[in-house]
Amino acid sequence: MTAPQFEEGTTLDRFLMETHRATPGATGQFVNLMQSIALSGKMISARVNRAGLAGMLGGTGDVNIQGEFVQKLDRYANETFIRALEHRGHTCMVVSEEEGGVVRVPSQWHSGRYVVTVDPLDGSSNIDVNATIGTIFGVFRRVTPEGEPATDADGLRPGKELIAAGYIVYGSGTVMVLATEYGVNGFTLDPSVGEFFLSHRDIRTPERAKIYSCNEAYSEAWQPGAREFVRQCKQPERKLTARYIGSLVADFHRNLLKGGVFLYPATADNPEGKLRLLYEGFPLAFIAEMAGGAATNGRERILDVVPSELHGRTPLVIGSKLDVAEATAMMAEDPQL
Ligand code: AHG
Ligand code: MN
Ligand code: MN
C-alpha cells in the first residue's frame, strides 16, 4: 500500500487512522497510544495556560531522582502522562524523568506492546516566567512478550530501536510534532475545538544552520572542540545568529523549522553533559534524523548509544546536518573529560 498523503487541516485522529490502515501488522495499540499522549498534551496545555491562576506556579518542595527541584507543573505533567498511559492496554512500561525507577503497567490492566520514555515537562525553569516549555517522548516496541510484565531490557535499548518519537511545545500555540515511519509532521491544537490539526506537513530541516543555540555561560568549562565550533559560528561570513531559551524542546523546535544547531557539551564537572539520553537525547535525535538532520555526542551518533542506566546523561549536538558534522569533526579530537 502506498503511504497516505495528507492535506493541512487534517485532524490528528484521521492522520493516525489512515497511517494505521497503511501499516501491515498494526493492531490499533499505536493509535490508542498516540491518542493518550495527545490527550495528556491537551490537559497539560490547559493547565500551563492558566498556571498563574490555578496555583500551579512554583515548586512542590521535593527534589527528584536527578537532584533537581520538582515544580508543581512537573508533577502534574508526570501524573497526567502516567495515568493516561497505564490503563488502555497499549503500554507496558514508562520511563519518566520524574520517576526513580520504571513504571510498569499494573497487573489489572493489559501490558501492551509499547515502552514510552518521557520528559513530562521540559524547561521547568521557564514555567514561572511564561516562556515556552514542552513534553518530549519516545516509543519503543517491547522485546518481551505482550501481556507479561515488562523488564528493564525493554527500556535500556539504543535509540535506533525507537519506532516513533515526538514532543509537544506549549508556546504561543500548542504544537505536537510526531515522527513515525510516515515522516515528521506537526499538529497545532485548536483550543476552541480541543483537537490537533495538521499544520506542519512533512517537516524537513535545512541542511545548513542559521541559528546556533547553547548556554555560553559555561563555554570556558566546555570540551575544547565545542568551544572551537562556537568560535567558528561567530565568524561574520557564517551569518549565524544566536538563540537560546533554556527549554531544550523549544530551542529544538525553532531550529528544526528554521535550520539551526543546538549544543549542550560536556564539561570537566559534568563529563556526560546535562541532558538525559532516554527521554531527551533519543527522541529528539530520532526526530532530527527523520527530518534530515543529525545528532551526536561528539564521539558517536546519539541513536547508536546503548544506555546503561535509566537516567543517564549525554553531551548533545543536534540539528542541521552539515553543522553537526562540522561540530563532530572538531569534538572528535577532544580528550575524554
Ligand atoms: P528539565 O526542565 O526537563 O529538567 O530540562 C532542563 C534542560 C533543558 O530543557 C535545557 O536545554 C537545559 O536544561 C538548560 O540548562 P541550562 O540552564 O544549564 O542552560
Ligand atoms: Mn528536560
Ligand atoms: Mn523535565
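A polar contact is a pair of N or O atoms within 3.5 Å; within protein, one must be able to donate a hydrogen and the other to accept it, and residues adjacent in sequence count only if both atoms are side-chain atoms. This is a predicted model, in which local features need pLDDT of at least 70 and side-chain atom pairs count only at pLDDT 80 or more, while totals for chains, interfaces and linings use all residues. Residues are numbered from 1 along each chain as written, chains are lettered from A and ligands numbered from 1 in written order, and side-chain values use heavy atoms, without hydrogens and water.

**View 1. Polar contacts of ligand 1.** An N or O atom in the side chain of K274 lies 2.9 Å from an oxygen atom of ligand 1. For D119 the corresponding distance is 3.0 Å, and a polar side-chain atom of Y218 is 3.0 Å from a ligand oxygen.

**View 2. The shell around ligand 1.** Ligand 1 is surrounded by 19 residues (near: a heavy atom within 4 Å). D122, N215, Y244, Y264 and K274 are the closest. Strand β5 (114-122) supplies at least two shell residues, as does β13 (260-264) (strands: DSSP E runs of at least two residues; helices: H or I, at least four).

**View 3. The manganese site.** D119 (OD), D122 (OD) and E280 (OE) coordinate the manganese ion (ligand 2) at 1.9 to 2.1 Å (donors: N, O and S atoms within 2.8 Å of the metal, 3.2 Å for Na, K and Ca). Because D119 lies in strand β5 and E280 in helix α6 (residues 277-290), the pair ties together parts 161 residues apart in sequence.
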